[in-house]
Amino acid sequence: KYLGKSFIIPLTELFASEDVREREYLKAILHGIYARNMRLRRLIRTQMSNCCFRVIYTETDDIENGVSECLQLICSIIQGLTTPIK
């Protein structure tokens, strides 16, 4: 009921934070939401892709905060796809 697009999108924007601990905790939260909520999976995958695209297509040469955490979350999602359902 409370988890939806208006909650997930600002949550994924927090990956730009300077604090490493905050980004790691955010990664754990998003992974938990992804694991337990089937209807938000597409939205979370899309937002993680947008995070990566933002880094690829921005004009600045700065490395954006949170890229490694986004990629780690995407990797864990992909590894979950290869695991057969019991």
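Author: A charge sits over a ring if NZ of Lys or CZ of Arg is within 6 Å of the ring centre and within 35 degrees of the ring normal. The model discussed here is a predicted one.

Reader: Which residue lies over the face of tyrosine 34?

Author: The distance to the ring centre of tyrosine 34 is 4.9 Å, and the cut-off for such a placement is within 6 Å. The residue that lies over this face is arginine 41.

Reader: How is the aromatic pair of phenylalanine 53 and tyrosine 57 classed?

Author: The count comes to one aromatic pair. Phenylalanine 53 and tyrosine 57 form that pair, with 6.2 Å from centre to centre and 40° between the planes. Planes under 30 degrees apart would count as stacked and those over 60 as edge-to-face, so the class that remains for an angle of 40° is tilted.

Reader: What separates phenylalanine 53 and tyrosine 57 along helix α3?

Author: Helix α3 covers residues 41-57, and the two residues are four apart within this helix. Because of that spacing, what separates phenylalanine 53 from tyrosine 57 is about one helical turn.

Reader: Which residues make the nonpolar surface patch, and what is its area?

Author: Residues of a patch need over 30% relative accessible area; phenylalanine 53 is partly exposed at 43%, and tyrosine 57 is exposed at 62%. Together with Ile56, Phe53 and Tyr57 make a nonpolar surface patch, and its area is about 380 Å².

Reader: How many salt bridges are found in the whole structure, and which residue is the partner of glutamate 13?

Author: A search of the whole structure finds four salt bridges. In one of them, the closest N and O atoms are 3.9 Å apart, where the cut-off is within 4 Å. The partner of glutamate 13 in this salt bridge is arginine 54.

Reader: What does the pair of arginine 54 and glutamate 13 tie together?

Author: Arginine 54 is partly exposed at 30% relative accessibility, and glutamate 13 is also partly exposed, at 40%. Arginine 54 belongs to helix α3 and glutamate 13 to helix α1 (residues 5-13), so the pair ties together parts of the chain whose separation in sequence is 41 residues.

Reader: Which residues does glutamate 64 touch, not counting residues up to four places away in sequence?

Author: Glutamate 64 is placed in the loop between α3 and α4 (67-82) and is partly exposed, with a relative accessible area of 24%. Cysteine 52 is 12 residues from glutamate 64 in sequence and 9.5 Å from it in space, C-alpha to C-alpha. With residues up to four places away in sequence left out, glutamate 64 touches Ala16, Arg54 and Val55.

Key
Residues numbered from 1 in each chain as written. Predicted model: local features only at pLDDT ≥ 70, side-chain atom pairs only at ≥ 80, totals over all residues. Heavy atoms only, no water. Phe/Tyr/Trp six-rings, centres within 6.5 Å; stacked < 30°, edge-to-face > 60°. Buried < 20%, exposed > 50% of the residue type's maximum accessible area, 1.4 Å probe, protein only. Salt bridge = Lys/Arg side-chain N within 4 Å of Asp/Glu carboxyl O. Patch = residues over 30% accessible without salt bridge, like charges linked within 9 Å, V, L, I, M, F, W, Y side chains within 5 Å. Areas by Shrake-Rupley, 256 points an atom, 1.4 Å probe, with all protein chains shown as cover. Contact = heavy atoms within 4.5 Å.
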